[in-house]
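The following exercises are to be worked with the sequence and the 3D structure at hand. Each task is followed by a solution in steps.

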Amino acid sequence: MATIGSELAQIKVPHVNLGWQLPAAGRELKTATAKLEGGQPGEECQVTVGGDWRLNAPAPVWSGVIGGRSATRVRVVPKDLGKWDTSLALFLVHGRAWCDTKKIDCNVEALPLNLQTLLQQFAEPGVFQPLANPAVQSCGKRVAIRVQHWVDQARENIAFIGECTLGLMGVAQHPRRFRWLDCLVEMQQCWVSSLPIVSLVSFLVGVTLAFQGAIQLRAFGAAVYVADLVGLAVVREMGPMMAAMVVAGGTGAGFAAQLGNMKVDEEIDALETLGISSVNFLALPRLLAVTLMMPILAAYANVLGILGGMFVAATMLDIPAASYWVETQNRVGMMDVGSGLMKSLVFGLAVGFAGCLRGLKCGRSAAGVGAATSAAVVTGILLIILADALFAVIYHGLGI
Amino acid sequence: MTTDTPAPVIDVQNLTCGYGETVVLAGVSFSVQPHELLFVIGGSGCGKSTLLRCLIGLLKPTQGDIAYFGKSFTTADVGQRREILKTFGVLYQENALWSSMTLAENVSLPLEEHTALSRRDREEIVALKLTQVGLAGAGNLFPAELSGGMKKRAALARALALDPAVVFFDEPSEGLDPLTSRAMDQLILQVRETLGTTMVIVSHQLSSIYRLADRAIFLDHRVKGIIADGPPAELAASCTDSQVRDFLNLDPDSIQRPKSSFK
């Protein structure tokens, strides 16, 4: 089958003599020049181009060379023309455009053949037809489109919640089919990545609360009640909340980036075409992992927060650690701890939901992954605050 | 070619490179002459892409030297390296267009970084480059809005933005239909003939090899280096290595179709 090679080799374009030279020309590069000769009204003018034309060096501009002159015909000729690149082509394109507006002939036949070919390429309109610009829309239509977008998004979110619920019900019915290993790996990831920041943030929240509380309580000689204040605030509110915020910023964003990247690489499409639900396969293990991990992290945050308060009380307020602990035990009951942990369970669900939803609905580009990641954090925090407010109302109603 | 032989654009001497403990290429030497169109061919896993990564500076060789225009690229300091890099254009296999930017912005970025051109001049040059590759008027589109062939053209426009002396192509026809692939080949030839660019193409598209290559080097994973070097038609006819001859004379119709038992 040697004929395939020889036949195809025949269609090769012959090598032309090139005006373009390589950087290692072994000589100093000259300045690009363009000189005008003639150009009186009613006569032909000649533009002589010479020197080395490079994009990253100053070069003459057509309007500067031609000035305000007019001519019956323009001839461009080379003289000592060395290296040239697109900067010369640009100069000539401007020249040709100028001649077109004056309706006069622009003769470039004296220029190197390859430069002429390049100019022809620039003259061709190209095979691509640009997409038609969308017509300018009225204000009402723009609002309608925006509203429709919100409705579509809400529908997608509800569908996702529905799919997750069905998936969770499926897990309850057939627990052996669930990807427990993935779930455990995600729990481990969540724990490892969140622990240092949760430790620091919770401890400092305890310290801050103790400081702020001490200033007020000291005025009434009730500094020991700082333990009550810190204990209740941390256990009921700040511990679960801070743990959830940290997990939303770390694990939640991680879920969105990971799933978003999978979407860009068509991995999610590959699952769907195999008839495997991306929600069951990818979202549920993550959702469950973060939901189960959140109360553990919140309990840990509670301990660190109380320790933070104890640290301030012992070092600044002269309250012995034992008294602080007894006071905390007296005031903080299991109901307080339980209500906080209950909340953290819902916070975990919210963070996992936001991360997985944004990841799976991500755009198919690097920018889309970035947008999905930040949207996951924003949605996660928003859902946490909303859930917290809802719990405050419910607990108030229940008298907890 | 002129009578006094010019210095080679690329001169690779005794190049050894790999990943960690694995040596992919060992003691490879070849040079590329000005305006030459060289194909790097070979079976899967023979080190074509690794060689390309070494040539464009993404992978550091463990031994040997790569020189551009007589200047060493391997031992160059940061400043010299940057100067040499400015003479390259690279068309990546997956195009590597920046997805958050429009085509015009993609092509404009190298000009913005490496030249002192005004914004208006840059815009005009971008328009010329896009016209040259047949994408006139598409500057405001994002890569996601383009077909595979158009993406390749846009990536070529970006690779040509700085009028590079050398353009490297990694599988330029990958994933394109035969007609688009032929148009791409035509475009590559046009660019070479107008700008005199030296080109190194990694590909195993037989039709492109015969249409474009002045010369081809054939890599093999067993010897971790070059087993044949010459014009493809000559290699196909008279190479001593049967693997090279088989590769270049591959007949797509030569598969034995088993007699089907399905009606």
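**Exercise 1. The nonpolar cores**

Of the 105 residues that make up the largest nonpolar core, those touching the most other members are A89(A), V40(B) and V200(B). The model is a predicted one.

Task: Determine with which residues V200(B) is in contact, leaving aside its neighbours within four places in sequence.

Solution.
- Step 1. With those neighbours set aside, the contacts of V200(B) are V32(B), L38(B), V40(B), L55(B), V166(B) and F168(B).
- Step 2. There is also a second, separate core of 67 residues, and V226(A), M245(A), L259(A) and A354(A) are among its members.
- Step 3. As a general background, nonpolar side chains in soluble globular proteins tend to be buried together.

**Exercise 2. The faces of a helix**

Task: State which residues of helix α4 (residues 113-123) of chain A are buried, and explain why they line one face of the helix.

Solution.
- Step 1. The buried residues in α4 of chain A are N114(A), L115(A), L118(A), L119(A) and F122(A).
- Step 2. Viewed down the axis of α4(A), these buried residues fall within an arc of 145°, and therefore they line one face of the helix.
- Step 3. Q120(A) and A123(A), on the other side of α4(A), are exposed.
- Step 4. The packing partners of the buried residues of α4(A) are α3 (86-102) of chain A and, from chain B, α4 (119-132) and α6 (178-195).

**Exercise 3. Two packed helices**

Task: Describe how the axes of helix α5 (residues 139-173) and helix α9 (residues 278-316), both of chain A, cross.

Solution.
- Step 1. A pair of packed helices is described by the angle between the axes and the distance between them.
- Step 2. The axes of α5 and α9 of chain A come within 10 Å and cross at roughly 80°.
- Step 3. Because angles of 65 to 115 degrees count as roughly perpendicular, α5(A) is roughly perpendicular to α9(A).
- Step 4. On the side of α5(A), the contact is made by E163(A), C164(A), G167(A), L168(A), G170(A) and V171(A); on the side of α9(A), by V279(A), N280(A), A283(A), L284(A) and L287(A).
- Step 5. By class, the residues of this contact between α5(A) and α9(A) are seven nonpolar, three polar and one charged.

**Exercise 4. Individual residues of chain B**

Task: Decide whether G45(B) counts as buried or exposed, and do likewise for R81(B), F69(B) and E171(B).

Solution.
- Step 1. G45(B) is in the loop between β3 (37-42) and α1 (48-55) of chain B. It has 11 C-beta neighbours inside 10 Å and so counts as exposed. Its C-alpha atom is separated by 9.5 Å from that of L219(B), a residue 174 residues apart along the chain.
- Step 2. R81(B) belongs to helix α2 (residues 78-85) of chain B. With 16 other C-beta atoms within 10 Å, R81(B) is partly exposed. Leaving aside neighbours within four places in sequence, R81(B) contacts G57(B), F73(B) and A76(B).
- Step 3. F69(B) is placed in the loop between β4 (63-68) and β5 (71-72) of chain B. Its 20 C-beta neighbours inside 10 Å make F69(B) buried. The phi of F69(B) is near 50°, a positive value in a residue other than glycine.
- Step 4. E171(B) is found in the loop between β7 (166-170) and α6 of chain B. E171(B) has 21 other C-beta atoms within 10 Å and is therefore buried. Although E171(B) is not a glycine, its phi is positive, at about 50°.

Key. Residues are numbered from 1 along each chain as its sequence is written. Chains are lettered from A and ligands numbered from 1 in the order in which they are written. This is a predicted model: local features need pLDDT of at least 70, side-chain atom pairs count only at pLDDT 80 or more; totals for chains, interfaces and linings use all residues. A nonpolar core is a set of buried Ala, Val, Leu, Ile, Met, Phe, Trp, Tyr and Cys residues joined through C-beta atoms within 7 Å. A residue is buried if 20 or more other C-beta atoms lie within 10 Å of its own, exposed if 12 or fewer, and partly exposed in between; C-beta atoms are placed from the backbone. Two residues are in contact if their C-beta atoms, placed from the backbone, lie within 7 Å. Helices (H or I, at least four residues) and strands (E, at least two) are DSSP runs, numbered from the N terminus. The arc is that of the directions from the helix axis to the C-beta atoms. Axes are lines fitted to C-alpha atoms, for helices over the stretch in contact, and angles run from 0 to 180 degrees between N-to-C directions. Angles under 35 degrees count as roughly parallel, over 145 as roughly antiparallel, 65 to 115 as roughly perpendicular and the rest as oblique. Ala, Val, Leu, Ile, Met, Phe, Trp, Tyr, Cys and Pro count as nonpolar, Asp, Glu, Lys and Arg as charged, and the others, Gly among them, as polar.
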